[in-house]
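Q: I would like to learn how to read this model feature by feature. Where do we begin?

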Amino acid sequence: MDELNWHSKKIEEAIRLLESNLNGLSEIEAESRLNQCGPNELREEKKISPWKLFFKQFRQILIIILLFAIIISASIGEIVDALVIFAIVFVAVGLGFFQEYRAEKALEALKKMAAPIATVIRAGKERAIPARELVPGDLIRIRTGDIVPADSLIIDAINLQVNEAALTGESVPVNKKSAVLPIETQLAERFNLIFAGTTVTLGHATALVFATGMNTEFGKIAKMVQITEKVETPIEIKMEQVGKFLAIAFIAVISIIAILGFLKGHRLFEIFLWAVSLAVAAVPEALPAVVTGSLAIGVYRMAKKNAIVRRLPAVETLGSTTVICSDKTGTLTTGEMTVRELYVDDQIIEVTGVGYEPKGEFRFDSSKVDESHIKLVSKIAALCNDSHLERVDSNWQVTGDPTEGALLAMAGKAGIWQNDVAKEFPRVGEVPFTSERKCMTTIHCVTSEELLACTKGAPEVVLEKCTYEYLNGKEVVFTQEQRNRILDANEKMASKALRLLGIAYRRLPSTLQQFDEGHVEKDLVFVGLVGMMDPPREEVMASIRSCKEAGVKVIMITGDHKLTAVAIAKELNLVESDGLILTGKELDKLSDIEFEKIVENVVVYARVSPEHKMRIVKALKEKGHIVAMTGDGINDAPALKNSNVGIAMGITGTDVTKEASHIILADDNFSTIVAAIEEGRGIYDNVKKYLTFLLSVNIGEILVMFLASIAALPLPLLAKQILWINLATDGLPALALGVDPAAPDVMKHPPRSPKESVFSGIKIWLAGISALLAIGVLFIFSVGLFANAQNGESLIKARTMTFATVIIFELLFVFSCRSFRHSVFELGLLTNKYLVLAVVWEIFMLAALINVPFLRNIFGLSSLSWLDWFLVLAIASTGFIASELGKIIFKPR
């Protein structure tokens with residue numbers, strides 16, 4: 001019912017529209033509405049059947065090809081090869097099924113955040129009911145610590161503050177009160193409404209429910225999380241393209257070879273075995289395993305760097321990211337209010353340190369300040385405080401208001417601890433904070449004859465109550481000149497987006513009986529100003545610099561005020577000369593076409609809603625960007641799920657956000673993203689290396705058979721020899737290539753274009769190495785065939801030389817495939833120990849096949865002389881030598 005703009009309605013009008021009254025609904029009416037509107041809970045959309053998800057995995061082109069390969073291999077008696085391919089298919093299908101079938105727990109997490117019990121007024125009586133039974137028109141009561149059960153319009157409120165950070169991104173609790181607001185007021189500024197799932201941090205209120213269940217702001221987010229479709233990752237798209245290409249090659253190979261062989265007079269069954277063996281060799285059946293293996297290794301490496309991956313392809317996607325849309329609160333910033341500046345003794349003092357940890361220094365013009373100058377302001381801040389700061393394990397946590405927590409951390413830096421001063425100066429009274437007064441005062445016993453009033457509040461309010469100023473250790477009478485000087489300092493600090501509090505005190509006689517505003521808050525002594533904000537994380541600036549070097553743009557998106565967002569962005573060097581800054585209100589005025597024209601120039605979005613975040617992600621994707629979205633609040637969940645890769649904060653992130661994400665940062669560290677980008681780029685490079693290697697040599701093998709058929713030569717290799725070569729080189733060495741360490745300069749290049757073909761930059765490798773392999777193998781086959789023409793076993797000897805040449809050619813060439821820019825000697829021959837071990841093992845197996853009589857007879861091979869081995873090694877090394885020389889020649893380009 002939000003379309004009725006409840007924030008712009010008077011209470012009487014809202015009650016009339018909801019057909020309610022100030023005594024609440026009757027039980028009969030409430031029950032009727034419950035049947036009509038449904039329970040106040042989040043509904044799940046219909047889920048896909050597990051069987052449908054399972055069979056969906058078999059629609060992938062590569063899986064279909066591999067199923068054919070299993071049938072063909074089994075039909076020609078190659079059971080071992082068929083079982084190996086089946087195992088690969090099983091792993092790929094099982095993993096895909098598990099990823100898609102895992103429950104979408106975002107909705108369940110939202111349900112956990114909903115209030116289980118609500119206090120409702122019905123027929124004039126107040127009672128507690130299950131929150132799911134609330135209906136529009138109900139009157140509810142909320143108090144400090146309550147979770148708001150439904151979206152409601154405030155009727156009356158006393159000192160009400162609500163933490164809406166998870167919903168709107170507002171970094172501090174919001175003051176709420178009854179009011180009528182303009183229709184165009186943004187969600188984050190509707191201070192007359194309270195929203196389901198947010199938490200009351202102070203005060204109490206009576207409110208009128210206008211939206212329940214899926215109609216609440218929470219419900220809208222749940223709908224967006226449910227309806228956002230799974231976004232295909234770049235690597236999934238590329239592998240689908242490769243699959244289609246190989247499907248065409250599969251059919252073409254069988255058709256051409258079969259026709260040529262039949263025309264040359266070969267037996268039909270022999271040609272069939274030959275053709276299908278080639279077809280199996282042409283398909284890199286380990287491709288799903290290499291992709292999965294590369295991603296799994298990446299997941300392991302990232303886990304050690306505090307990045308937990310929920311969906312494997314997201315690792316590679318992050319590597320191709322062109323834009324990171326980052327939430328401000330808790331992501332780029334600490335999510336903890338921190339005092340940054342003090343104004344005392346007519347000077348602005350910098351306060352170092354981040355977050356609630358009471359560790360830092362007080363500096364003036366970069367020199368350390370004597371802490372005695374700020375002892376008084378710290379003591380007042382600690383005494384006039386209802387919150388508590390304590391260390392839990394290795395973290396400092398605040399119980400109560402974040403602003404008061406920041407004051408306690410500042411006091412701790414000055415050596416003032418709340419427990420100590422509270423014992424020394426026990427509280428005997430207070431004048432509580434109200435949103436109308438904008439200040440609070442606590443009264444403490446100093447001696448049997450003296451009391452101390454400690455006041456904090458809005459600077460302009462506190463100044464009006466002051467008659468004196470504490471300056472240079474003395475109380476001096478306030479002059480207009482001094483007041484103007486303080487107001488100038490206030491304006492200067494406010495321009496830095498600092499949230500300001502004025503601090504003051506007054507000595508009172510112990511005989512004072514009335515602790516009220518009129519008797520206590522007058523003739524105060526002004527002590528200073530405290531400026532605080534949610535500061536940037538210390539390590540984020542270096543991370544953003546690394547992103548820029550890697551060609552990745554960082555955009556700040558926040559529900560916070562524009563002034564605050566810009567201040568943080570400038571501190572992080574996000575705002576450049578041509579960078580635009582947009583608010584949610586300004587974004588609403590732009591059409592989709594107008595927005596798409598400027599979306600790539602915007603660096604900061606302030607005061608945005610969940611719908612705005614979705615629109616930003618969509619516009620960037622329309623421009624062809626690979627978008628990563630980071631965040632921690634509930635309001636980030638839909639955009640995280642709709643982005644190419646969603647990154648949630650593990651510590652401060654809500655369960656909703658984590659379940660909607662692809663990657664979770666266990667340490668909430670933006671810098672971990674940079675390491676993840678490097679890992680992702682390395683993974684894509686490894687898949688490309690694998691394809692280069694496999695397709696180069698497999699196309700070469702097909703060319704050998706094709707040219708031999710045209711030249712009317714005997715079959716250079718038997719079907720089982722082809723399958724062994726396929727198993728040996730497409731197996732361990734290729735898999736080891738898939739876990740190669742990232743190149744040293746992987747972060748010195750801009751992200752690849754999302755439209756870039758997976759074959760981009762490797763076509764010359766495919767053509768050159770394929771041709772070189774085909775020519776060299778045909779040469780060695782011809783030499784073996786004609787040099788041993790007088791020997792009855794010339795064909796067996798020629799096939800043995802061909803068999804050995806192909807395997808060694810590929811085992812040497814695989815080392816060169818480790819990089820397209822760097823020589824293997826630059827990288828270090830032993831930096832991929834898995835590849836070295838795989839190659840050594842395959843050479844050992846080759847030697848066994850040729851020299852062990854039992855194995856030699858099974859595979860139709862013969863022994864080789866030293867001269868034969870010399871020729872084999874000479875031809876087999878040409879691929880490695882040519883590719884290494886090519887890197888030297890073409891590297892300048």
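A: With a definition: a disulfide is a pair of cysteine sulfur atoms within 2.5 Å. Keep in mind that this is a predicted model.

Q: By this rule, what does the count of disulfides come to?
A: The count is 0 disulfides.

Q: Is Cys547 buried or exposed? And how does Cys445 count?
A: Buried means under 20% relative accessible area, and exposed means over 50%, with partly exposed in between. Cys547 counts as buried because its relative accessibility is 1%. Cys445 is at 25%, so it counts as partly exposed.

Q: How do I read a sheet?
A: Start with the general idea. Side chains in a regular strand alternate between the two faces of the sheet. Now the case here. An open sheet is formed by 8 strands, with mixed pairing, in the order E8-E28-E27-E26-E9-E23-E25-E24. Strand E8 (307-309) and strand E24 (580-583) are the edge strands, each pairing on one side only. On average, neighbouring strands of this sheet are turned by 20° against each other, direction ignored.

Q: Which strand is joined to E8, and by how many bridges?
A: Strand E28 (residues 663-665) is joined to E8 by 3 bridges, and the two run antiparallel. Within this pair, Ile663 in E28 stands opposite Val309.

Q: Where can I look at a hairpin?
A: Go to strand E14 (residues 388-392) and strand E15 (residues 395-399). They pair in the antiparallel sense over 5 bridges. His388 has Thr399 in E15 as its bridge partner. The hairpin has 2 residues between the strands, and Asp393 takes a positive phi near 55°.

Q: Which residues of helix H21 (residues 562-571) are buried?
A: They are Thr564, Ala565, Val566, Ala567, Ile568 and Ala569. The cover over them includes helix H13 (328-332), strand E22 (524-533), strand E23 (553-557), E24 and strand E25 (602-606). E23, E24 and E25 also belong to the open sheet. After H21 comes Asn573, with a positive phi near 60°.

Q: What span does helix H33 (residues 833-851) reach?
A: Its 19 residues reach 27 Å from first C-alpha to last, close to the 27 Å expected at 1.5 Å a residue. Buried residues in H33 include Leu835, Val839, Met845 and Leu849. Glu842 is also buried.

Q: How many residues has the largest nonpolar core, and which have the most contacts inside it?
A: It has 61 residues, and Phe693, Trp724 and Phe803 have the most contacts inside it. Elements that give it two or more residues include helix H27 (671-710), helix H28 (719-729), helix H30 (763-787), helix H31 (794-816) and H33. H31 gives the largest share, 12 residues.

Q: What is Phe693 in contact with, leaving aside its neighbours within four places in sequence?
A: Its contacts are Thr729, Ala734, Leu737, Glu810, Phe813, Val814 and Cys817.

Q: Which residues does the second core include?
A: This separate core has 54 residues, among them Phe478, Ala489, Ala606 and Ile663.

Key: Residues numbered from 1 in each chain as written. Predicted model: local features only at pLDDT ≥ 70, side-chain atom pairs only at ≥ 80, totals over all residues. Heavy atoms only, no water. Pairing = 2+ DSSP bridges. Helix = DSSP H or I, 4+ residues; strand = E, 2+ residues; numbered from the N terminus. Axes fitted to C-alpha atoms, helices over the stretch in contact; angles between N-to-C directions. Expected span 1.5 Å × (residues − 1). Buried < 20%, exposed > 50% of the residue type's maximum accessible area, 1.4 Å probe, protein only. Contact = heavy atoms within 4.5 Å. Core = buried A, V, L, I, M, F, W, Y, C linked by side-chain atoms within 4.5 Å.
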